[in-house]
Amino acid sequence: MVDLKSQYDKIKDTVNASIQEVLDTTTYINGPLVHEFQKNLEHYLDVKHVIPCANGTDALQIAMMGLDLKPGDEVITADFTFAATVEVIALLQLTPVLVDVDIVNMNISIEAIKKAITPKTKAIVPVHLFGRAANMEAIMAIAREHNLYVIEDNAQAIGANCKFSDGTKKKAGTIGHVASTSFFPSKNLGCYGDGGAIFTNDDALAHKIRGIVNHGMYVRYHHDVVGVNSRLDSIQAGVLNAKLPFLDEYGKARQDAARKYSAAFVGHKNIIAPTICDQCDCHVFHQYTLRIIDADRNGLMEHLLAKGIPCAIYYPIPLHSQKAYADSRYKEEDFPVTNQLVKEVISLPMHTELDDEQIQFITESVLEYLK
Ligand SMILES: *Cc1c(COP(=O)(O)O)cnc(C)c1O
């Protein structure tokens with residue numbers, strides 16, 4: 001699904017030099033490269049605080065730990081996402097409230113959020129799924145009206161823009177009270193191991209979170225809050241420093257590939273391709289995901305795999321149907337879109353190194369099966 005080797009070959013010298021610097025200086029943990037990356041990412045995102053940590057799941061958990069949420073508080077999130085989002089809500093003994101998503105952008109449904117709000121609701125966690133920014137303007141308006149926190153799960157959409165009706169744009173992950181991201185190798189800004197970060201514009205929250213990631217310490221050996229140990233290591237920070245200058249270029253390469261895919265599928269009776277907005281970068285294509293309608297999606301997958309074309313179903317089971325997150329309050333009729341998407345979606349290879357020949361082979365193979 002991704003080609004990290006060809007991407008590495010192009011930036012090898014800078015990456016290797018960064019790693020060598022860590023080895024030569026033995027600054028493995030909390031070294032200067034981590035601080036440098038933090039500053040570089042704050043500048044890129046135009047956000048006041050970036051707090052690096054060990055992975056994207058930790059980032060989400062720590063972001064939530066920083067807010068004054070109490071066991072039993074309800075946290076609304078999307079039914080159609082990677083399990084990490086709901087997992088950390090449950091781990092913190094908050095009550096996850098899964099809601100349906102929008103059929104067009106596959107992100108959390110604004111109407112479904114409104115319906116799910118109760119006096120116990122304390123936060124909303126939108127996920128910018130597959131690289132496309134959720135409707136943050138509407139989500140922030142709901143949050144203001146009901147006095148809720150917004151925690152953006154930005155693991156899949158770093159670099160994407162959110163557009164507002166007054167014409168302004170902000171980077172995904174800088175609009176809610178706090179956001180998390182992941183630097184897992186296959187993410188849009190991936191390191192060569194695990195990594196993650198938390199973003200916020202709130203000085204007090206940033207301070208609190210800087211302690212939480214470090215065993216709850218603000219002064220050495222004084223543990224003021226219950227914390228965790230979650231660090232981005234210096235080698236990963238070096239890799240990320242080398243890659244961050246290319247993030248916009250990487251986003252463009254993904255959008256170009258998406259445009260070429262979609263051009264081949266336009267008007268096909270069985271294919272609904274993702275929309276691509278030419279004006280803004282609201283979709284950075286972490287995944288290129290088709291909906292296959294009135295045709296055998298699983299058969300298509302087998303056909304592609306047999307031809308050596310990687311493809312995947314993200315995600316095959318709605319979270320409300322997972323054993324770990326089942327809740328007697330959920331009714332199937334509350335999740336028509338997720339229940340439909342899990343049967344229709346298929347993601348094709350998407351990365352920064354796709355060439356025209358590969359795209360042509362993939363699109364022809366899809367069309368050969370669907371006729
Ligand atoms: C990848 C991902 C995460 C978790 O990130 P890790 O670094 O793997 O822990 C969380 N949420 C979403 C939506 C993701 O895609």
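**α10 and α12.** I looked up how helix α10 (residues 297-306) and helix α12 (residues 356-370) lie in this predicted model. Their axes are 10 Å apart and form an angle of about 135°. An angle over 145 degrees would count as roughly antiparallel; α10 and α12 are therefore oblique to each other. I recorded the crossing of α10 and α12 as right-handed. On the α10 side I listed Gly299, Leu300, His303 and Leu304, and on the α12 side Ser365, Val366, Glu368, Tyr369 and Leu370. I sorted the residues of this contact of α10 with α12 into five nonpolar, three polar and one charged.

**α3 and α4.** I next examined helix α3 (residues 56-65) against helix α4 (residues 84-91). The two pack at an angle of about 40°, and their axes are 9 Å apart. Angles under 35 degrees count as roughly parallel; α3 and α4 are therefore oblique to each other. I noted that α3 passes α4 in a right-handed crossing. From α3, Thr57, Leu60, Gln61 and Met64 take part, meeting Ala84, Thr85, Glu87, Val88, Ile89 and Leu91 of α4. By class, the residues of the contact of α3 with α4 are six nonpolar, three polar and one charged.

**α2.** I then turned to helix α2, which spans residues 32-45 and has 14 residues. From first C-alpha to last, α2 reaches 20 Å, close to the 20 Å expected at 1.5 Å a residue. Just after α2, I found Asp46 with a positive phi of about 60°.

Technical notes
Residues numbered from 1 in each chain as written. Predicted model: local features only at pLDDT ≥ 70, side-chain atom pairs only at ≥ 80, totals over all residues. Heavy atoms only, no water. Helix = DSSP H or I, 4+ residues; strand = E, 2+ residues; numbered from the N terminus. Expected span 1.5 Å × (residues − 1). Axes fitted to C-alpha atoms, helices over the stretch in contact; angles between N-to-C directions. Parallel < 35°, antiparallel > 145°, perpendicular 65-115°, else oblique. Left-handed = near helix turned anticlockwise from the far one by under 90°. Contact = heavy atoms within 4.5 Å. Nonpolar A, V, L, I, M, F, W, Y, C, P; charged D, E, K, R; others polar.
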